[in-house]
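Subject: Structure handover

Hello,

Here is the structure for you to take over. Please open it first, then read the notes below.

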Amino acid sequence: MDLKKGRQDLPQFLEPIMTAHVPGAARPLFTGDIVSFRFPHFDGPGDKDRPCLVIHVDDATGEAVLAYGTSIFPEKLTEFSLTVKNAANLAALNLLKPTRFLCKRRIRVQPSDPRFASNSEGDVLIGQFPGEGISWGRLYSNLPFKTPDRERHGIHPQTAKPTPVNRPLFARRKPRAAIVV
């Protein structure tokens with residue numbers, strides 16, 4: 001499906017809820033869209049254009065909730081994340097490298113937000129997940145609840161960091177006690 005043409009094949013009840021256009025976009029945003037966005041850090045503005053996934057479109061406010069996209073993969077699979085690694089899926093979604101979308105880390109934005117980053121053709125849309133297979137409403141409703149105002153400021157869950165072991169340089173560990181049977 002060509003992203004620039006929109007969704008003429010949708011039934012009447014699935015018409016787009018968000019009617020305001022993103023600057024540079026050829027059509028409104030839908031859940032499942034992958035857009036280029038400067039996602040903010042927990043301590044300030046983002047400085048890198050990254051793929052972000054639209055996980056919710058709010059018809060009452062006209063805002064979209066974007067999930068953070070990263071190419072850094074932690075050792076274990078985190079809950080509420082969507083991972084794209086397969087070469088065929090990367091090509092279908094127009095992603096350059098394996099990407100994980102962390103839905104717990106999200107932000108609510110207006111479609112006119114200046115942090116949307118357009119590509120060389122002037123479009124912020126990168127790709128789109130196929131409509132079947134993912135229930136976006138259920139995914140968003142199962143996330144830990146945060147108020148819309150809190151989402152506007154960005155949700156950045158804390159990650160547990162291992163506590164450092166305080167040992168002098170070149171020190172040896174204490175020997176473990178032997179088990180006698």
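A residue counts as buried when its relative accessible area is under 20%. By that cut-off, both Phe39 and Tyr68 are buried. Please keep in mind that this is a predicted model.

**The sheet**

Start with the overall strand layout. Six strands make an open sheet, in the order β4-β5-β3-β2-β1-β6, and their pairing is antiparallel. The edges are β4 (81-84) and β6. Each has a single partner strand, so one side of each is left without a neighbour in the sheet. From one strand to the next, the twist averages 40°.

Now β1, which covers residues 33-37. Five of its five residues are buried, so this strand counts as mostly covered by the under-20% cut-off. Asp33, Val35 and Phe37 point one way. Ile34 and Ser36 point the other way.

β1 has a partner on either hand:

- With β6 (residues 125-128), β1 pairs in the antiparallel sense over three bridges. Here Ile34 stands opposite Gly127.
- With β2 (residues 50-58), β1 also runs antiparallel, and four bridges join the two. Here Ser36 has Pro51 as its bridge partner.

Further along the sheet, β3 meets β5 (residues 99-109). Seven bridges join these two strands, which run antiparallel. Tyr68 stands opposite Leu102 of β5.

**Aromatic pairs**

How many aromatic pairs does a search of the whole structure find? The search finds four. In one of them, the ring centres of Phe39 and Tyr68 are 5.1 Å apart. Their planes stand at 70°, so the pair is edge-to-face. This pair links distant parts of the chain. Phe39 sits in the loop between β1 and β2, and Tyr68 sits in β3 (residues 63-70), 29 residues apart. Phe129 and Trp136 also form an edge-to-face pair, with 5.9 Å centre to centre and 70° between the planes.

Are Phe129 and Trp136 buried or exposed? Phe129 has a relative accessible area of 11%, so it is buried. Trp136 is buried too, because its relative accessible area is 8%.

Arg105 lies over the face of Tyr68, at 3.9 Å from the ring centre.

**Salt bridges**

A search of the whole structure finds nine salt bridges. Glu63 takes part in a salt bridge with Arg108, where the closest N and O atoms are 3.5 Å apart. That pair links distant parts of the chain: Glu63 is in β3 and Arg108 is in β5, 45 residues apart. Both Glu63 and Arg108 are buried.

Glu63 also forms a salt bridge with Arg152. In this one, the closest N and O atoms are 2.9 Å apart. This pair too links distant parts of the chain, from Glu63 in β3 to Arg152 in helix α3 (residues 148-153), 89 residues apart.

How is each partner covered? Glu63 has a relative accessible area of 5%, so Glu63 is buried. Arg152 is at 32% relative accessibility, so Arg152 counts as partly exposed.

Asp113 and Arg115 form another salt bridge, with the closest N and O atoms 2.9 Å apart. Asp113 is buried, because its relative accessible area is 12%. Arg115 counts as partly exposed, because its relative accessibility is 28%.

Salt bridges with shared partners join Asp58, Glu63, Arg106, Arg108, Asp149, Glu151 and Arg152 into one network.

**Cysteines**

How many disulfides does the structure hold? It holds zero. Cys52 has 0% relative accessibility, so Cys52 counts as buried. Cys103 is also buried, because its relative accessible area is 0%.

**Where to look**

1. Tyr68, which pairs edge-to-face with Phe39 and has Arg105 over its face.
2. Glu63, which forms salt bridges with Arg108 and with Arg152.

Best wishes

Note on methods:
Residues numbered from 1 in each chain as written. Predicted model: local features only at pLDDT ≥ 70, side-chain atom pairs only at ≥ 80, totals over all residues. Heavy atoms only, no water. Disulfide = S-S within 2.5 Å. Buried < 20%, exposed > 50% of the residue type's maximum accessible area, 1.4 Å probe, protein only. Pairing = 2+ DSSP bridges. Phe/Tyr/Trp six-rings, centres within 6.5 Å; stacked < 30°, edge-to-face > 60°. Lys NZ or Arg CZ within 6 Å of the ring centre and 35° of its normal. Axes fitted to C-alpha atoms, helices over the stretch in contact; angles between N-to-C directions. Salt bridge = Lys/Arg side-chain N within 4 Å of Asp/Glu carboxyl O.
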